[in-house]
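Here is a brief report on one protein chain.

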Amino acid sequence: MRHTLNAIARMFLCAAGFVMSIYGSVQLNALKSPSFGELLHESSFWVAAIGGLMTAIAFEAMRRAQSPAPAPQPAEPTEPITPVAPVAPEKDERPADDGDKLSLVEVVGLAAGGVIGSGWLLAVPGLHESLGEAALLGWAAGGVLMLTIAVVMVEFGLISQRTGGLLFHPHDAFGPLVVIVLAASLWISYAINPAAQAAAAVNGLAEVVPALAGESGLTRIGSALAVAVTAAIIAFVLLPRRLVLRTNAALTLLKIAIPVVFVVCLALATPAPLTGSGPAAGPTSTGVMSALITSGVIYAYIGFQAPLDVTGEVRGGRREAARRVRWAVYGTVVGSFLLYSALQLVYAEHMAASGAAHGTSYARLTDAATLAGAPLDWLVVLVRLAAIIAPIGSGIVFTYALSREVYALSAERYVPSGLHEPRASRLPGRTSDSFWLILLVNLVLALVVLVAVGGDWQTLAVLNTIPILILYAVTCVVLAVRSDLLGTGLQQLLPFAAYAAFVVIALVVNESAWDRVWKGVAVIAWGSLVLLVLPWLHHLRVPGLGWYDAKNHGARLVSRDPANRPFVVLALYLVALTLLSAVRHRIDDDSVWSVWSLRALVMIVASGAFVLLVGAGRRYLRQARLTSTRP
């Protein structure tokens, strides 16, 4: 236990120092040519200096805590992404009795735990404000889209049951350049999720402690607490793997039970007027498709793919593992739709009866209602508890899944190989471990984004949603490219579902607010550029980058590599989608003809991109002569 606390303390020290350095540097950049004496009197200078010193001390402490890497493989096995048929795992990676793999309860915990987070707490009020009585259409539209995507991803993902599957199949179909774009999307989105969930948890706590948040978002105290919660979520995954999974399963059960109890009680309760709250809320002019991202509907649904990140760790043979994954993912998507719809119904009923203003929280509505003449004080406590633990539980799932994906990326040297090499660890049950270093990198990235957006949940949710939608869209294309791997019967219909999901994702992105679209695409572009440029700088032997030994895939762009065409088509498609969103932003919503003409144009562009990507992928397969992923 002492060693665990020491390791967590070093991570906190390093992350805090890094954030202080960034904050101080940004503040100093605003000064115009200060003298040395003026610098000494600036608090920002000392914040940056102390932050840099803290980071240096933390890194030195972590370096001294290490010893030469032992020979055995990591205790927590994952399988690397590879463009060939699955390789049989090492004997010491999988216990013979299969007892170290994920049970059905743990797989369901990953799927449902990733979905039931802060979305149901914040999306329901937002959707009510946007659509009013038509809010159920928003949940239905989002549910149909997510179920279609889930079917495509699950059925194709189960062809090769291995960890890192979300990037493994695109690697086969398109080559490494497209994988870099998807890796950036997945990494940034997954790393941002704990920060978004931490901000939501602090917002929930702010109902009890008002000093944590104001009208403009989190206060400084609230932002500091969000940073601490983010670090705690990521540090929790450092505990023994079995403990993390079982704790997450228990949290998931609690996260489901509380909303169900809430729905039942509020359906039977009598609303009471909220004095001084203003007139009853009415819908805005937002359309259903626009509300899917703007109100957080898509954000509330994402997370079901967590079992697909760790398919290779699911217990049982191929058929048994496939059954567990299907139960977990399909059950989560359908169950979340039913739960969200029920929440929306009781919320709308109590909003209309109480005359509450837009954005009124569950807790306030519950506090004003009575059940059989008795107040619902105990239910208010449960709702406020759920507002804290539900986001934290979802953040744990994304953190766990991301560590496995980054491990797979490192094994194939899309990122430095040091992120998957076994290192000495003093953490309990982890004598040889590389995940603590991956989690440290993810912590720094999450905290940088959290500080950059000032803890704003809406911005964090958008940066989490847009990259995931792009990842979903490309996965749909992969299925069409590798349709030869599909079986007979209903599986032959999957390419049509993949095409439909690809086009609908384009429409949803186009209908979203412009400021959300460009931020999401900019994050993808920034992450892809980093993953392409850093290996190139390492290849040029730039001082200080000797540790970044990732493969220089960017060199393919100046050659006749077959991986170029899929990458160029995808990049041009993202640019076109962004430009069409900008055009949509300038169109008057009252001009029905213009709006529907643009939607038709978006469908044409998406359809063309789908066909071009499928053709480019199949050409890549022919030229690269990849072997089938079917064992």
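## Chain overview

Of the 631 residues in the chain, 55% are buried. The model is predicted. The chain has 22 helices and 6 strands. Take the contacts between residues at least 6 apart in sequence: 82% of them join residues at least 24 apart. The accessible surface of the chain is about 25,800 Å². Carbon and sulfur atoms account for 66% of that surface.

| Property of the chain | Value |
|---|---|
| Buried residues | 55% of 631 residues |
| Contacts joining residues at least 24 apart, among those at least 6 apart | 82% |
| Accessible surface | about 25,800 Å² |
| Share of accessible surface from carbon and sulfur atoms | 66% |

## Aromatic side chains

The count of aromatic pairs is 9. Y301 and Y340 form an edge-to-face pair. Their ring centres are 5.5 Å apart, with 75° between the planes. Y301 lies in helix α12 (residues 297-301) and Y340 in helix α14 (residues 318-354), so the pair ties together parts 39 residues apart in sequence. Are these two residues, Y301 and Y340, buried or exposed? Both are buried.

Y499, F502, Y573 and F610 form one aromatic cluster. Elsewhere, a charged side chain meets a ring: R404 lies over the face of Y400, at 3.9 Å from the ring centre.

## Surface patch

I256, V260, V264 and L268 make a nonpolar surface patch of about 340 Å². V260 lies in helix α10, which spans residues 241-268. V260 counts as partly exposed because its relative accessibility is 40%, and the partly exposed class runs between under 20% (buried) and over 50% (exposed).

How values were computed
Residues are numbered from 1 along each chain as its sequence is written. This is a predicted model: local features need pLDDT of at least 70, side-chain atom pairs count only at pLDDT 80 or more; totals for chains, interfaces and linings use all residues. Side-chain values use heavy atoms; hydrogens and water are left out. Patches are made of residues with over 30% relative accessible area and no salt bridge: like charges are joined within 9 Å, nonpolar side chains (Val, Leu, Ile, Met, Phe, Trp, Tyr) within 5 Å. Accessible areas come from the Shrake-Rupley method with a 1.4 Å probe; for residues, only the protein chains shown count as cover. A salt bridge is a side-chain nitrogen of Lys or Arg within 4 Å of a carboxyl oxygen of Asp or Glu. Helices (H or I, at least four residues) and strands (E, at least two) are DSSP runs, numbered from the N terminus. Buried means under 20% relative accessible area, exposed over 50%, partly exposed in between (1.4 Å probe, protein chains only). Rings of Phe, Tyr and Trp (its six-membered ring) pair if their centres lie within 6.5 Å; planes under 30 degrees apart count as stacked, over 60 as edge-to-face and the rest as tilted. A charge sits over a ring if NZ of Lys or CZ of Arg is within 6 Å of the ring centre and within 35 degrees of the ring normal. Contact means heavy atoms within 4.5 Å.
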